[in-house]
Amino acid sequence: MNPVEWFNDLSEGVTNTVFYSVSIAGADLPLIVVWLVVAGAFFTVWLGFMQVRGPKLSIDLVKGKYSDPNDAGEVTHFQALATAVSGTVGLGNIAGVAIAISLGGPGATFWMILAGLLGMATKMAECMMGVKYRRRHADGSVSGGPMYYLRDGLADRGYGTAGKVLAVLFAIFMIGGAVGGGNMFQSNQATAQIVAVTGGEDSFLADVPWVVGLVFAALAGAVIIGGIKSIARVTEKIVPFMAVLYILACIVVLVWNISSIPTAIGSIFSGAFSPEGVAGGAIGALIVGFQRAAFSNEAGLGSASVAHSAVKTEEPATEGFVAMLEPFIDTVVICTMTALTIVITGAYTNPDASELGGVALTSNAFETVLPWFPTVLAVAVVLFAFSTMISWSYYGMKATGYMFGDSRLAENVFKVVFLVFTVIGSAAALGPVINFSDSMIFLMSLPNLVGLYIMAPEIRNVISSYFDRVQSGEVQQVAEPVH
Amino acid sequence: METVVVGVDNSDASTRAVEFAVERAQRNDWKVVLVHVVPWSPYSFQTPSENEHRAGEKERETALAREQILDPMADIAEKGGVPHEELVKHGKPSDTIVDVAGDASAVHIVVGRTGDGGLREAVFGSVASRLVQHAHLPVTVVP
């Protein structure tokens, strides 16, 4: 059996287990999606609607208004957020949204946005905990994330063994998520895009997509094994630029079709509650919307908590407020832009939508207004994919490090395995890759959310006591120096 | 006792700036504050592993700046027999030097005309010219 067949079988087995669904009103509702949405709703209420009350504080924190000037030179709130966002913003925002709308109709957008707003509360909780329970090493470096708050936070409450088990489970799933959604899916879609712009089926790469995978693996390997920082730096600098360019292109398409905007928004709302031609009706639209939002903004999965925990702050709550902006930027802004572009141009009505796949659908939408944009989009997709791979290779490496006592050998073995899957991802078909990616990524939410529920009283304490101290003036902004 | 702040880096002009400041300090009974600013922006984009190691990196940068830049400059002040203090800061050099001057209630800022910024200075202008434009206290630029 060749590796691709082997992978397809593995994917099917895992997917059927993780996405165990119950049938509601003719639509299959995967319980894992319910799990994430319920968590978002719970933390929204539990933390007192911080999505509404907190954004001003979040933005002030990102601007450095509460940062001690003596901390200059260390990781700022802005940097932690930017790093986490560049790991999060990726193909989910381009391909994932297109898939959602082709399956769930325009109404899926509505549910996606709602899931993004709810996800802000979950993200706040997990990233605050990541900072609170992070470990500082002798060389000044920090490790944080669900592994640490699950183990140490639960141990503090007398659930030491349960905490250890959950932490290890989380680490295993995060390794799977890193290899799947953070790697194979990215490699798969980026390869598809490169094949498409070099001539589609006639492309010299069409029969040998693994060559593209090899190039990706070589570049990623140069960064994560070779420690070639320049490649990572270039990516980190171009990605925000591409994100801005992407949003501008969306705006151009929207302005071009400005007279259709009311109809598009109307179809998003009507499609949310009474869609036509969508399997499972409103519930069907809701499921795909929620599922794609969760995959895109990662709220409740715990991954971002690892990236956020490097921030310099004495108040863990601050990073909770900052991290809350992430699902907003990712889902409420970027995903919605993609969705509007696809809905307004009618690209999702293409009868071949399901065969075309995510990126091609989005690409078609842009092409109606900006004929040259597919090439730029191809570059953006490749860069987003690459930066997401770099971030997830880091998450996977930290999870491996956690399980093997920060052993260098184990971390290097992980990196090699990661790169092998980069190549497999480029050659495998989209369906099994998406399913496997989703499965692994969603599994992370099991141990993570169980832990967050158990520690919910502490989470609320830390967040609201900080918020109250800011409101009462006990925590003051740092005075702006006079130049 | 009044204070003069000298912005220093790895350049010859910096050495001359310190010599100049020390000589004025002897005559005016000033204290000399030598500050080196490691260029750093709170709004840069970094990889997760760079962030993980940032705190340690800052310590290394600070130690290196003390050893390679500030210690030799402090010797000049020591030999000149004036009270002195050395600081390493992270930030935008011109703004940070002004902040340090403000914190120390300094009466004067001294810097070398050209620093060790090379291409960055050629493109974005030197720290000295920014200081001259933005500082709210007298600035002496030493050639």
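Colleague: In chain B, which handedness does the β-α-β unit made by β2(B), helix α2 and β3(B) have?

Modeller: This is a predicted model. Strand β2 (residues 31-39) and strand β3 (residues 84-91) of chain B run parallel. Helix α2 (residues 48-80) of chain B makes the β-α-β unit with these two strands, and the unit is right-handed.

Colleague: How many bridges join β2 to β3 in chain B, and which residue is the bridge partner of V33(B)?

Modeller: The two parallel strands are joined by eight bridges. In β3(B), V33(B) has as its bridge partner E85(B).

Colleague: Where do the buried residues of helix α5 of chain B lie around its axis, on the same side or on opposite sides?

Modeller: Helix α5 (residues 127-134) of chain B has V127(B), A128(B) and L131(B) buried. Because they cover an arc of only 100° around the axis, they lie on the same side of α5(B).

Colleague: What covers those buried residues of α5(B)?

Modeller: The cover comes from several elements of chain B, among them the helix α3 (93-103). It also includes the strands β1 (3-7), β4 (108-112) and β5 (139-142).

Colleague: Which helix gives the most to the side of chain A that touches chain B?

Modeller: The contact involves 30 residues of chain A and 26 residues of chain B. On the chain A side, at least two residues each come from α5 (77-88), α11 (229-256) and α19 (373-403). With seven residues, the one that gives the most is α5(A).

Colleague: How many residues of that side of chain A are nonpolar?

Modeller: The side of chain A that touches chain B also has 11 polar and five charged residues. The nonpolar residues there number 14.

Notes: Residues numbered from 1 in each chain as written. Chains lettered and ligands numbered in written order. Predicted model: local features only at pLDDT ≥ 70, side-chain atom pairs only at ≥ 80, totals over all residues. Pairing = 2+ DSSP bridges. Helix = DSSP H or I, 4+ residues; strand = E, 2+ residues; numbered from the N terminus. Right-handed = clockwise from strand over helix to strand, strands pointing away. Contact = placed C-beta atoms within 7 Å. Nonpolar A, V, L, I, M, F, W, Y, C, P; charged D, E, K, R; others polar. Buried ≥ 20, exposed ≤ 12 C-beta atoms within 10 Å, placed from the backbone. Arc of directions from axis to C-beta.
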